[in-house]
Amino acid sequence: MHELSAMMNLVSLACRAAEENGASHIKKLTVDVGEMTGILPKYLFHYFPEASKGTLCEGSELIVNEVPVTIECAKCGKDYHPEIANDRSCPFCRGTIGKIKSGRELMVSDIIVD
């Protein structure tokens, strides 16, 4: 059900942006979903028809880009994807402190209108 409310929010944001720009219909909606959000893209596709019913998005194509987690290691400065196999530490220097650079996104990244 988490995905339904997320999809409804994304549709609302896209419709608002399209309306502000004078569009009458959204042809294609692209959203970015970070790996850390816990949102499963297959459920976004499942709930999209319901969430878009009666909106400018109704009948449009949904594209979901999955954004992997990327960490910048505080020790060596290199970017990496945390893996369970190496205790989520940096594979280059084994550092355990870092900054999350991507993977928390949940956003409308592109709207194509008629």
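Helices (H or I, at least four residues) and strands (E, at least two) are DSSP runs, numbered from the N terminus. This is a predicted model, in which local features need pLDDT of at least 70 and side-chain atom pairs count only at pLDDT 80 or more, while totals for chains, interfaces and linings use all residues. Residues are numbered from 1 along each chain as its sequence is written, and side-chain values use heavy atoms, with hydrogens and water left out.

**View 1. The elements of the protein chain.** Two helices and six strands make up its secondary structure. Their order from the N terminus is α-β-α-β-β-β-β-β. The radius of gyration (taken over C-alpha atoms) is 17 Å, well over the 13 Å given for 114 residues by the globule rule (2.2 Å times the number of residues to the power 0.38), so the chain is more spread out than a compact globule. The C-alpha trace spans about 55 × 30 × 15 Å along its principal axes.

**View 2. The largest nonpolar core.** A nonpolar core is a set of buried (under 20% relative accessible area, 1.4 Å probe, protein chains only) Ala, Val, Leu, Ile, Met, Phe, Trp, Tyr and Cys residues joined through side-chain atoms within 4.5 Å. The largest one has 20 residues, and Met 7, Ile 26, Leu 29 and Cys 57 have the most contacts inside it. At least two of its residues come from each of α1 (2-20), β1 (26-34), α2 (41-52) and β2 (61-67). Helix α1 supplies the largest share, seven residues.

**View 3. The surroundings of Ile 26.** Leaving aside residues up to four places away in sequence, Ile 26 is in contact (heavy atoms within 4.5 Å) with residues including Ala 14, Leu 56 and Ile 111.

Technical notes: Buried means under 20% relative accessible area, exposed over 50%, partly exposed in between (1.4 Å probe, protein chains only).
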